[in-house]
Amino acid sequence: MTNNTKAPKDITFFERFESDILTGKKTITIRDTAESYFKVDSEVQASTFEDNRWFCALRILSVTPINMADLSDAHAAQENMTLLELKAVIGDIYPGTTDLFVIEFSKLN
Ligand SMILES: CC(=O)Nc1cc[nH]c(=O)n1
């Protein structure tokens with residue numbers, strides 16, 4: 001039997017976000033549809049994108065669709081950025097993409 005359900009246990013972050021996650025300053029990540037499949041309440045292992053180095057486990061608290069235009073100061077605060085910085089970062093990572101997902105998490109260890 002083939003199971004095509006995606007149930008990934010891992011998520012990668014750019015190294016520059018690692019310390020903010022470990023210190024609890026960054027509690028969301030904004031991803032495109034390709035990375036919107038995380039299950040609420042699941043535990044995922046966080047590694048660096050650059051060298052795939054594990055740095056912590058996370059609990060997924062919510063996965064919420066959002067349009068780029070609706071990103072707010074509250075989202076920026078959860079990313080430890082200004083809204084201007086957040087929109088620039090997301091625009092760099094996902095150029096031309098407006099359909100996004102806010103993935104809220106808590107650090108487990
Ligand atoms: C590797 C990668 O895409 N990392 C991202 C993307 C968006 N937000 C974030 O916190 N980290």
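Which strands each supply at least two residues of the shell around the ligand? In this predicted model, the answer is β1 (10-13) and β2 (28-32).

**Around the ligand**
- The residues surrounding the ligand are T12, F13, F14, F17, T29, I30, R31, F49 and I93.
- β2 gives the largest share of this shell, with three residues.

- Five strands make up an open sheet, and if you walk across it the order is β1-β3-β4-β5-β2, with mixed pairing.
- β1 and β2 sit at the edges with a single partner strand each, so one side of each has no neighbour in the sheet.
- On average, neighbouring strands in this sheet are turned by 45° against each other, direction ignored.

**Who pairs with whom**
- β1 runs parallel to β3 (residues 43-48), and four bridges join the two. Look for D10, whose bridge partner in β3 is Q45.
- β3 and β4 (residues 54-67) run antiparallel and are joined by five bridges. Here V44 stands opposite L58 in β4.
- The hairpin of β3 and β4 has five residues between the strands, and in this hairpin N52 takes a positive phi near 55°.
- I28 has E104 as its bridge partner in β5.

Terms used:
Residues numbered from 1 in each chain as written. Predicted model: local features only at pLDDT ≥ 70, side-chain atom pairs only at ≥ 80, totals over all residues. Near = placed C-beta within 6 Å. Pairing = 2+ DSSP bridges. Axes fitted to C-alpha atoms, helices over the stretch in contact; angles between N-to-C directions.
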